[in-house]
Amino acid sequence: TPVQKVIVLLHKLREEVQAEGAAETKSYEKYSRFCKEQADDKAYAINKSQGVIDRHTAAIDALGTEIAQLDQEAVDHKADIAAEQATANQTQVVRETTLAQYTVERKNLTEGIDAITRAIESLRESRDDVEAVKAAAALAQTQSAILAAGQQSGRFLAQQAPPVYKQRSSEVLQTLVELSKTFKLKLAELDEAEARDRYQHEMTEGARANKVAALQAAIDKKLTLSAKKSEEKSEREGIVAEETAARDADNKFLGELTTTCEDKAKAWDERSKARAAELTAMTEAIGTLEGMGDLYSVNKKLVGLAATGREVRPHAPALALLQVAADRSAKGALASALSVLDRSAKTLGSGALALLADDLRQAPPTDHFVKVRSLIKDLISKLEQEGVDEATAKTLCDTQMSEAVTKRDERQTEIEGLKAKIQGTTSTIAKNKADMADLKAEIADLQKSLQELTALRQEEKAQNEKSIADAKSGADAIKQALVVLQDYYGTAMFQAGSAYVPPNADREGQTVSDLAPETFSGDYEGKAAE
């Protein structure tokens, strides 16, 4: 019937909706796992990057302080060297002045000693007064030298006139001998003072030179250490810049991931509610249609009675017995009525009609129709009451049947949902077991590969070191070539453009849509069109 066709169609549509719901549930569970895994991974990566940034930032600050301190100490040492060099220059000037004075004094003393020595020799060689006069003249000639030597020593012949020769050669000789001794003593003292001054100067300058060398070594050491720390600081700053860029990219990715996953969750809730409402409506419609029963056939007794009525109509003359027709006898009419009652009792399976027929056969022959009419009226009233009772019972049965069907469908829906979850969990368990086996095999392969690669690494180390040296040499050559070409062509043609990075991409340059698994999209429209 048309109702049955509609019921079959609704069952089919409900099964399709349930199958689509199960498929969407599976895809959304996969998408939800993707959201959680990506959120956890990005949060871990962000925290890890922040830790790296914090550590390197602290190290950069400490290196900056150390570099500033080293540079300041180098500047202080340079100032100390400059001060020492200034002091050394001043000391050298004093030393040169003292040395010049020493040279002049020693020259004067030496010349005085030579003159006295020659005078003594002349006196000793003289034999008469003439020779004494010559000696006195020689002594007079050396007066200027003796006076100069005496002025420098400050002890002898200071501002004195030359002695008058009295022809006392022995006294003069004695005086010259004493004077020669005095000059020689003064010369020895002058040489000793010069030696002490030279020694003191050399010791002082040697100590100063050692100090300056030590300061210069300290400067070189501090500048070398400062350069090394500056290089380390630059490397750490590069790491901080890279980690900051990666962290910011992951933050943007995580923000987009959160928004996308929240929107997908809201859409999933709305689709689930719409699908649940659609299944409920289908279930209620099916229950309503199935609870209506077969509207294209009535009660079997009424159908039988209608059929009997159609058979009785050709025997309308039997009803003429009530009018006492002239063409039939009372006996014939009674026989016809009994025949009709027997057929109706058999057709309808009614004991009341059969009992009525027996009563008519056993009743007295007089006025049979009065009793027949009474029995027929009673029968009709009884049948009408049975019809009312049956309709009431049918309504109650339909209501209870509808409730039972609704509950059955709800339980069936729950059972199907639980079966789907069981199947999904069983599939997940099996998949996890298979993944564990695959991972164990991969671990064994990786360990084997690690051993092989370690052996290969040892063999390739020398070649790699040579390649690095060649690469450095090549890089230096390329830099020099670039300098030459940039000077000729300009720098514009050497500015390489950076690779395109889509908005809200993570540190690997991938967006949420690149990584997200396939799932539902758009609003849920249901099976209204079908």
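Tutor: Before we start, a word on accessibility: a residue is buried when its relative accessible area is under 20%, exposed when over 50%, and partly exposed in between, using a 1.4 Å probe and protein chains only. This is a predicted model, so local features need pLDDT of at least 70 and side-chain atom pairs count only at pLDDT 80 or more, while totals for chains, interfaces and linings use all residues. Residues are numbered from 1 along each chain as its sequence is written, and side-chain values use heavy atoms, with hydrogens and water left out.

Student: Okay, how many salt bridges are there in the whole structure?

Tutor: The search turns up 21. A salt bridge here is a side-chain nitrogen of Lys or Arg within 4 Å of a carboxyl oxygen of Asp or Glu.

Student: Which residue does Arg-106 form a salt bridge with?

Tutor: Its partner is Asp-191, and the closest N and O atoms are 2.8 Å apart. Arg-106 sits in helix α1 (residues 2–125) and Asp-191 in helix α4 (residues 169–291), so the pair ties together parts that are 85 residues apart in sequence. Helices are DSSP runs of H or I with at least four residues, strands are runs of E with at least two, and both are numbered from the N terminus.

Student: What's the relative accessible area of Arg-106? And of Asp-191?

Tutor: Arg-106 has 31%, which makes it partly exposed. Asp-191 is partly exposed too, at 24%.

Student: New topic: where does Ser-180 lie, and is Ser-180 buried or exposed?

Tutor: Ser-180 is in helix α4. With 7% relative accessibility, Ser-180 counts as buried.

Student: What is Ser-180 in contact with, leaving aside its neighbours within four places in sequence?

Tutor: The partners are Ile-116, Thr-117 and Ile-120. Contact means heavy atoms within 4.5 Å.
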